[in-house]
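Hello,

Here is the structure for you to look over. My notes follow below it.

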Amino acid sequence: MADRQLIEPDMNFVKKLAGFGGDTLKKCFQCATCSVVCNLSPERNPFPRKEMIWASWGLKDRLLTDPDVWLCHQCNDCSTYCPRGAKPGDALAAIRNYSFMHYASPGFLGKALSQGRYLPLLLAFPIVLFLFLLGITGHLNIPEGEIVFKKFVPHTIVDPVFILVSILVFISIVVGVKRFWKGMKDGVHPSESRNLSLLDFVKSHVIPVLVDVFKHSKFKDCEENRPRYLAHLMIFYGFIALAIVTGIVFIGIYLLGLHEMLPLSQLNPIKLFANLGAIALFIGCTLVISNRLKAEEDKSRSTYLDWVFIIIVYLVAISGILTEVTRLFDVAVLAYPFYFVHLVLVFYLIAYLPFSKFAHFIYRTVALVYASYSGREK
Amino acid sequence: MDKKIGVYICSGCEIGESLDIEALAGLASSKYKVPVCKNHPMLCGEEGSSLIRSDIEKEGVNTVVIAACSPREKTNVFSYDPTAISMERINLREHVAWCHTPNDEDTQMLAEDYMRMGIAKAQKMATLEPFSEEINKTILVVGGGITGITSALEAAKAGKDVVLVEKGPELGGWMAKIWKQYPKTPPYLELQETGIDSKIREVKSNTKIRIYTGAKIEKTEGAPGLFDVTISQNGKSETIRVGSIVEATGWQPYDANKLGHLGFGKSPNVVTNIMIEEMASKGKFARPSDGKEAKSVAFIQCAGSRDSNHLPYCSSYCCLTSLKQAAYIREQDSDTKVYILYKDIRTPAQYELFYKKVQEDAGVFLTKGEVVGVSEDSDKNLIIDVDNTLLGDRIQIKADMVVLATGMVPSAGIQVKDLALEEPEGTSDEKKKEEEVPKDFIIPSDILNLSYRQGPELPSLKYGFPDSHYICFPYETRRTGIYAAGCVRQPLDSADCVDDAAGAALKAIQCVELTAQGKAVHPRAGDMSYPELYMSRCTQCKRCTEECPFGMYNEDEKGNPLPNPTRCRRCGICMGSCPERIISFKDYSVDIIGSMVKAIDVPEEDEEKPRVVAFLCENDAYPSMDIVGRKRLSYNPYMRVIPLRCLGNVNIVWIADALSKGIDGVLLIGCKYGDDYQCHYIKGSELASYRMEKIKETLDRLRLESDRIRILELSIDEYDKLPGIFDDFMETIERVGPNPYKGF
């Protein structure tokens, strides 16, 4: 056993977690029912019992470097069976919410994203930015004739903004993931350095995890909350479809020089794929929101971070669909404003990705890979 | 007055269908010449019971023998004034008709033997004359804490005069020393005032309560209803007479000086939960070493409790007290961290709600764990090493102050007087043998200073708490008329003390009221018999004075027993102890039971009908037999059961009577003994088993097989074992063969 460790609880961390939805975690009396009912928990040092006492003692360092926090897919079996109302599912979600803020840089953005009072400012930024760019290039009007969005917002304006933002986001993510990985390596479930070639690493740890992610197999193991499986699956594949379409269009315009490829015909398979993605995203979000509204308060409660994220995604889907529909019906006065709203929301989603709940797909995937790599699995 | 026996045989409840009632009646009237013998198909009905009553009134029947159901049934119907009428009940239903083959020869013989035994007993029973003396009904309450005050108030409200003695200068006890109490009323969330002040005012203003503060009891002489208590106060002594006593002298905290392994005495910053109360009333939680405000406080639970090197038991209040004190500290400064390191958190019943509330405080950190050391670093911070924590490993915690949650030591368990207990005299072999019975443990704690032959205080069982029959009669002690209540009896919190106090007050009242009527208090409540000694044959062997579990006998200088009948529980253990057989009750004696044994008809050896007499304790074994009957379990019909008040009654002469009469075996079944004893008289079955060991040795010397005697323990939930026990013993008897004394 390790040497005796000096424990210094962080009372503020406990209070912070309470603000992120972990306000019930102090109720835990360590019976371990949660760890027993959890289908995802490993047999050795199972979660979430140990996370519950670490959290109630405010042991921030342990929790932020604990891959187990991310192995949880929040089915809330634990919260359903908890005899004390401690809601371990919500507690782990709160720790994850805190992690987004902790690992992403710059840190001030993380703080801003976590508090409702900064939401107008965060939304105002892309609005002002786009209005300014449109203003200085003389595009602040509804164009005449057939609705073609680049007449309103030329690629030369929108694309550099998104490319720049994407690069910054990517850097932030890489920095965050590196800190996260190192933290886990030195943390509560340490992993010895192994001489593993990158290829072997990808083959034996990354690929199987990604397969799991694509199959949503972990989600399926969650019993108590089956409806979430379908909802999450639809959002997931909706996003993937839309990302693929965006990629194809990007390649088409910039690599193949097909500057006039947009708008695509409705019969184009790419367009068909895009529409399917949009519909999947819309239905998925609808399901998530309806599930949450139906959710029983004593099992789980969604926090500000949960709501703001799903609503932004929902609005992205809705504004995208409305943009397309109004364009097809040739209602220029609506189509162009919808397009503008859509752009602002997409900006929000992408630019703030590392600081919002959106980042969960990155941290969870990394944690799953780490768990596989360090042998932290069943 | 001449005895006139009436025998009444009931033929209801299948008795008539399985037995020849006429033959039974014939036995009574021809062999025993009983003047009145009647049978009835339903003796417990209106007609049947008035039949008996009219014989009593018109025919002058003064000894009633009822051969019907178990004596434990229909007690309201078959109830007569014991000062005028003797009654014996023969159990033909549960012990004969319901569990043996109907109309069988052996069944009939069994019933006839029971008739013989019952009539033989009835012939020798005398009516009772209650012990009467001028009984004082004042209740003495010793100890002026929450328990004593409550007891005094409860007794006074019930109309009794009360004397309340407190050794300290003020009433209130520990409750007056604590700042606040943890919640005792719904919703069990907020700290409460102790409320002791208003109780003190109430007790002071009650005219029925006489209060002595700064006082102590020099001496307590006498017996229930007749206690003479000498109280000294301000250098003056006064003797008052009281009827019964509530001992509510409370507790002392476990001596923290013995907890050096937890840092006490090594660092001034290691304090006790008692010291925290003092700090709380001053309003500042400061490190004693430098007066710096403590920004982190660690509570160590079970400090010297549930620990084989210290107090082995749980004191029940420490968990809640530490949670309460955590709340004190956190309410005063929300930045202070509080750690609670426990073995188990024990917050029974609704107190769980308070535990939950404190637990939810962000600044309270709880873990199970084993504290292995407390040391001081160079900055006078305390470093606590804890193993096996819920945090998953061995940890170390830094704190400004450590609080040891110390447990309760009963005041009766603290040896105050340096008093060597008198060693019982006698060096004979028999005496040495007897000493194998564990001796009573009486700690000279200077509380009551009883002038009892067996010692000055209440006998204790474990850990210095006065012995009480915990399972059945928790308020009783082993001194009749003296009731321990509150923390001196068992670790309790104040809410439980209040309940305890009321219970003890009721028992004390019951004691004086029954004693005034010449009745036993407990557990044979209402019994008017009491032991009488035929002193001219006493040999001063002192066995009765030593063996009475209740200290009934005092002794004069010559060693003669001096009975105090109001102390007596009427168990008859002295009757079993007396080698001269001089101790008798009017309705129960060595001779009476011996006559029952002798009344058993023993068939000749060639009839191959062995006989076994089974002495059964009427508290567990006999009711178990009744259950066997109700369940219609069948067993060997050669058993003859004699109920006893306690197995401790068994006088060796009965065994001799049985064996010399040709009875093949003697079975004795009593209650469980040992630390978790179930004997209603504490030591009866245990004494019996030691006495039987001795008699077995004697039998072996006489070349009479000691296997013929068997002594067993049985609790009532084991009733289903009885038929097997009988069968097994019968097999042994068959193996050993017939008693060679048969036919002599």
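Which residues touch the most other members of the largest nonpolar core? They are Val7(B), Ala67(B) and Val246(B), in a core of 176 residues. A nonpolar core here is a set of buried Ala, Val, Leu, Ile, Met, Phe, Trp, Tyr and Cys residues joined through C-beta atoms within 7 Å; buried means that 20 or more other C-beta atoms lie within 10 Å of the residue's own, with C-beta atoms placed from the backbone. Helix 12 of chain B (residues 494–516) supplies the largest share of this core, 9 residues. Helices are DSSP runs of H or I, at least four residues, numbered from the N terminus.

This is a predicted model, in which local features need pLDDT of at least 70 and side-chain atom pairs count only at pLDDT 80 or more, while totals for chains, interfaces and linings use all residues. Residues are numbered from 1 along each chain as its sequence is written, and chains are lettered from A and ligands numbered from 1 in the order in which they are written.

Leaving out residues up to four places away in sequence, Ala67(B) touches Val7(B), Ile9(B) and Met115(B), among others. Contact means C-beta atoms, placed from the backbone, within 7 Å.

Chain A has domain 1 (11–103) and domain 2 (107–373), with bounds from an automatic or database domain assignment. Their centres, taken over C-alpha atoms, are 27 Å apart. Contacts join 27 residues of domain 1 of chain A to 35 residues of domain 2 of chain A. On the domain 1 side, helix 7 of chain A gives the most, with 8 residues.

Regards

How values were computed
Buried ≥ 20, exposed ≤ 12 C-beta atoms within 10 Å, placed from the backbone. Helix = DSSP H or I, 4+ residues; strand = E, 2+ residues; numbered from the N terminus. Contact = placed C-beta atoms within 7 Å.
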